[in-house]
Each structure stands twice: as C-alpha cells, then as structure tokens.
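Welcome! Open your viewer, keep the selection tool handy, and follow along stop by stop.

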Amino acid sequence: MPRIQAESNAAQRALTQRRILDAFGELLFTRGLPGLTMTDVARQAGVGRTAVYNYYADMEELLIGYALDETGRFLADLKAKLAELENPIDRLAVYIRAQVEDLSRRHLPPGPAMRAVLSASSFAKLGDHVGELNALLTRILRDAMAQGYLPDAQVDELVALVHGSLTASADRAGEKADDDESARRTDATVRFIQLGVGARFDEEGRPIRR
C-alpha cells in the first residue's frame, strides 16, 4: 500500500480546517452566534464532531480562529491593493472602501458582542489586527501630509475620526439597499471622510496639493 505523502496529509488537514471555518461563517450569517454548537458546525461542514475538536477545543477557540482568519485575509488583500497606488489620497479611498465593503458582508459579531463572549486573553488576540489597520491608516495619512495633500494635524485624532465615521457606516450596513444605492452610500462615505481629514480635489475629482 503506498505511503501517504506528508504534503498530502498537510493539505488534507488544511482543507478540512477551511471547511470548518467556512461552515462556521455560514452559520454565523444565517443563524447568529447564540445557541450555535460544535455539532452544528460539524454537520454544516460535513465532518464528524471529533474532527472539529481536533482543530478547536471549544466554541470560543473556534470563534477566535474564525475572526483571526477573516481579518488576516482582509488585511492581506487590503495591503495588496494599497501597494498598487502611489497617491496617498487614492490609497485612503481604497482603505475606506475596503472597510465599508467588509463591514457590510462580515459575519462576525460587532466588537462589544465579541468582548462579551470571549475571554480577555482571547479578545486581546484580535487587537493585533486592529493595530495593523491603525498602522496602515496612520502611514497613509502621514504620507498625505508629507506630500502636501493634507494639512498638518494630529494623526491619532484623524485616525479616530476616520474609524468613527466607519463605525457610523457599519450601523447602516444591515439596512436593505439595492446595488446602486449601496454603491452610492459607499462613494458618499469615501468622499465625506476624505474631505473630513482635509483632502481637496480638482474639477475632475483628482486629489490636489494644498
């Protein structure tokens, strides 16, 4: 009988874990977190309950694993998009748009709800990703100031302003809207925040230096 290659075994484990995380995300979206069990996740993933426990000891560990996977993939995609642009105001638009679109489709419970169901140590693990987002936005704003696209200001205050506006946008994410209306809202949020931090544009909508 041929011996199973280590690479194949690792790939199978990764595939099973992916199925578990995807199943958990689908259940969060359709049913919500309250009352969700490991058995539900196993059934949705098409694997035995023991298989789920091989990766995650309990529901809290599964939730934090899913949250870190979601935010990790989001960060990787966002960084790739930002790397394609030179103008910091254009990068700011990409950052805002990505956040708005992510908030509108994300299955994770909001921050306060996550804090309520996770231990302090587990919730703290999410802070690293929040810190990475803050660092990305901070670099964008500092570049914009250094290049003359934004007036000098306290960057920490601007970061808080941007994220405060995004939080307000998230409150509307659950409201029903067609694709055109959603796009209009997103465009309005992008331009509102850009103007709020001091960006200026020419008649064709291109960022201009002050």
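A salt bridge here is a side-chain nitrogen of Lys or Arg within 4 Å of a carboxyl oxygen of Asp or Glu. A search of the whole structure finds 14 of them. This is a predicted model, where local features need pLDDT of at least 70 and side-chain atom pairs count only at pLDDT 80 or more, while totals for chains, interfaces and linings use all residues. Residues are numbered from 1 along each chain as its sequence is written, and side-chain values use heavy atoms, leaving out hydrogens and water.

**First stop: helix 1.** Select Arg18 and Asp22, whose closest N and O atoms are 3.2 Å apart in a salt bridge. They sit four residues apart in helix 1 (residues 6-30), so about one helical turn separates them. (Helices are DSSP runs of H or I, at least four residues, numbered from the N terminus.) Arg18 is partly exposed at 24% relative accessible area; buried means under 20%, exposed over 50%, and partly exposed in between, using a 1.4 Å probe and protein chains only.

Now pick Glu70 and Arg73, which form a salt bridge at 3.3 Å, N to O. Glu70 is buried at 18%, whereas Arg73 is partly exposed at 44%.

Glu181 and Arg185 make a salt bridge, with their closest N and O atoms 3.3 Å apart.

**Last stop: helix 8.** Select Ser165, in helix 8 (residues 155-171). Which residues does Ser165 touch, not counting those up to four places away in sequence? Phe192 and Ile193, with contact meaning heavy atoms within 4.5 Å.

How values were computed
Helices (H or I, at least four residues) and strands (E, at least two) are DSSP runs, numbered from the N terminus.
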